[in-house]
Amino acid sequence: MSTDGRSPVIDFDHHSDAHADDTVGSYRRLRETTPVAWTENHGGFWVLSDYDSVFEAARDDDVFSSKRLEQYGGPGLSVVIPKTPMHFHIPIELDPPEFRSFRKVVNPIASPAAVAKIEPMIVKWTTWFIDELIESGEADLAQVIGVPAICTIDWLGLPVEDWQIYARSHQATLAEPTDSPLYKQAVEVDLPYGTEQMRQAIATRRAEPRDDAISYLVQQEVDGRPLTEDEVFSMVELLVSGGVGTTASLVSQTLVWLYEHPDVRQELIDDPSLLDRAIEEFLRYFSPTQALARTVVKEVDFHGSHLSVGDRALLAWSSANRDPSQFDEPDDIDIHRWPNRHVAFGVGVHRCAGSHFGKRMAKEMLKQVLERMPDYTVDLAHLKRYPRQGVNKGWQRIPATFTPGTRLLPPGAVPAGVSATSARS
Ligand code: HEM
């Protein structure tokens with residue numbers, strides 16, 4: 001695609017090694033010089049990096065569409081650049097007004113009250129993951145980040161023994177280079193396997209509902225008719241995709257940072273009631289979902305640039321979250337920061353449906369790590385990050401040592417055949 005008079009033009013690729021080496025500096029440079037700019041990479045797209053442009057675009061669905069429009073940017077998931085080979089996701093790939101009826105279906109199972117109901121499940125899986133490490137005194141702390149994956153799979157009603165397959169495949173499609181064996185494994189083996197399992201679960205729950213999110217979804221209606229199996233599938237796959245990697249990314253980055261900042265770690269150990277506010281700040285600072293995309297569907301003059309129909313646009317939540325016009329000392333973590341109008345969960349109608357679930361899981365994981373392995377030490381020299389940091393940022397390996405502790409769950413609390421070992425490193 002030619003730049004066709006689009007300006008300013010920059011050379012930016014959120015999936016490049018240079019960006020991964022310094023995501024914060026890379027966005028800071030853009031924000032300070034060209035907060036709305038065009039790059040030719042991945043077929044060409046606008047990068048929106050300051051708070052105002054990200055906020056405005058995310059709230060303007062008439063111009064910035066989330067819809068899957070294959071004529072622009074090719075086939076695949078519309079909310080990432082480049083589009084990845086994933087099934088159609090509902091409601092994230094719909095615009096209002098159609099969007100609204102579907103989002104209404106999802107809201108009740110992710111509300112604060114619904115999350116309070118599944119709290120015992122979150123506590124159980126977190127306890128079990130830490131049980132699996134606690135006696136040894138050394139572990140890859142990235143293993144604990146399997147908690148969000150297994151909780152999401154259990155909540156939906158999918159077989160928990162397969163949690164790694166879901167975690168691995170969704171992570172790989174977003175964070176592995178497209179020519180890597182892990183990406184190939186995800187696209188050719190794991191995603192088709194997961195698809196088959198989800199479709200089977202949807203069919204089974206229609207006939208025999210249980211107490212899980214899939215059973216709820218198959219019984220719902222939109223606009224006076226039942227959801228189709230394809231629609232339920234599109235919602236279930238999105239919930240898997242939203243649930244498995246994001247909270248893991250948040251907690252993994254937070255654990256490393258807390259090791260490097262023992263004073264804050266001690267403050268949270270001494271007073272865990274500070275965790276809620278601290279988690280909002282960790283969300284702002286780390287922005288697990290770094291940036292997502294839209295497609296321009298109406299010609300518009302936007303912050304000094306002219307955007308044309310079909311242009312793709314990247315909304316950098318992570319960069320908006322470091323904008324000094326919104327946040328004092330944006331590159332420092334202040335666990336007492338309040339108010340904290342971060343956009344780590346997005347903005348506007350598509351704001352994260354799983355935010356309460358994600359925050360509750362993050363809180364439990366941090367609380368238990370701080371309680372049960374308060375003196376953990378991270379081997380910073382051997383950290384391994386996700387290969388690409390354009391969509392999800394985080395650590396893939398966190399070698400750590402700590403004073404050994406004791407298991408808490410009785411034998412048999414978790415079904416035989418479930419393994420806590422991460423399949424991702
Ligand atoms: C720290 C954890 C999380 C972060 C940072 C995060 C981030 C986001 C962001 C930025 C969006 C906005 C998408 C857009 O505007 O295009 C979003 C949407 C969404 N998230 Fe999350 N998410 C998290 C946890 C979860 C969890 C645990 C689930 C469910 C199990 C979930 C499910 C969803 C769904 C269904 C949407 C689409 C909402 C819609 O289109 O209306 N997320 N998330």
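The legends below describe close-up views of a predicted model.

**View 1. The iron atom of the ligand and its protein donor, C352.** The SG atom of C352 lies at 2.3 Å from the iron atom of the ligand and is the only protein donor to that iron. C352 is placed in the loop between α15 (317-320) and α16 (355-372).

**View 2. Residues around the ligand.** There are 28 residues around the ligand, and of these I92, R103, R294, H350 and C352 come nearest. A polar side-chain atom of H350 is 2.6 Å from an oxygen atom of the ligand, and a polar side-chain atom of R294 lies 2.7 Å from an oxygen atom of the ligand. In the case of I92 it is a polar backbone atom that is found 3.4 Å from an oxygen atom of the ligand.

**View 3. The open sheet of six strands.** The strands of this mixed sheet follow the order β1-β2-β3-β11-β8-β4. Because β1 (9-10) and β4 (64-65) stand at the edges with a single partner strand each, one side of each is left without a neighbour in the sheet.

**View 4. Strand β11 and its two partners.** Strand β3 (residues 45-48) pairs with β11 in the parallel sense over three bridges, and V47 has L314 of β11 as its bridge partner. Strand β8 (residues 292-296), by contrast, pairs with β11 in the antiparallel sense over four bridges, with L292 standing opposite L315 of β11. In a regular strand, side chains alternate between the two faces of the sheet. In β11 (residues 312-315), R312 and L314 are on one side and A313 and L315 on the other, and as all of them are buried, both faces of the strand are covered.

**View 5. The open sheet of three strands.** Here the order is β5-β15-β12, and the pairing is antiparallel. One side of β5 (138-140) and one side of β12 (377-378) are left without a neighbour in the sheet, because these two strands stand at the edges and each has a single partner strand. Between β5 and strand β15 (residues 399-401), the antiparallel pairing runs over three bridges, and A139 stands opposite A400 in β15.

**View 6. The nonpolar cores and the surroundings of W155.** The largest nonpolar core has 90 residues, and those with the most contacts inside it are W125, W155, L156, L158, L268, F282 and Y376. Helix α6 (residues 119-134) provides the largest share of this core, with eight residues. When neighbours within four places in sequence are left aside, W155 is in contact with I109, I118, M121, D212, A213, L239 and F357.

**View 7. T23 in helix α2.** T23 is found in helix α2 (residues 23-33). Its relative accessible area is 3%, and T23 is therefore buried, the cut-off being under 20%. Apart from neighbours within four places in sequence, the residues in contact with T23 are Q290, Q389 and K393.

How values were computed. Residues are numbered from 1 along each chain as its sequence is written. This is a predicted model: local features need pLDDT of at least 70, side-chain atom pairs count only at pLDDT 80 or more; totals for chains, interfaces and linings use all residues. Side-chain values use heavy atoms; hydrogens and water are left out. Donors are N, O and S atoms within 2.8 Å of the metal (3.2 Å for Na, K and Ca); water is not among the atoms, so sites may look incomplete. Buried means under 20% relative accessible area, exposed over 50%, partly exposed in between (1.4 Å probe, protein chains only). Contact means heavy atoms within 4.5 Å. Two strands pair if DSSP finds at least two bridges between them. A residue is near a molecule or strand if one of its heavy atoms lies within 4 Å of it. A polar contact is a pair of N or O atoms within 3.5 Å; within protein, one must be able to donate a hydrogen and the other to accept it, and residues adjacent in sequence count only if both atoms are side-chain atoms. A nonpolar core is a set of buried Ala, Val, Leu, Ile, Met, Phe, Trp, Tyr and Cys residues joined through side-chain atoms within 4.5 Å.
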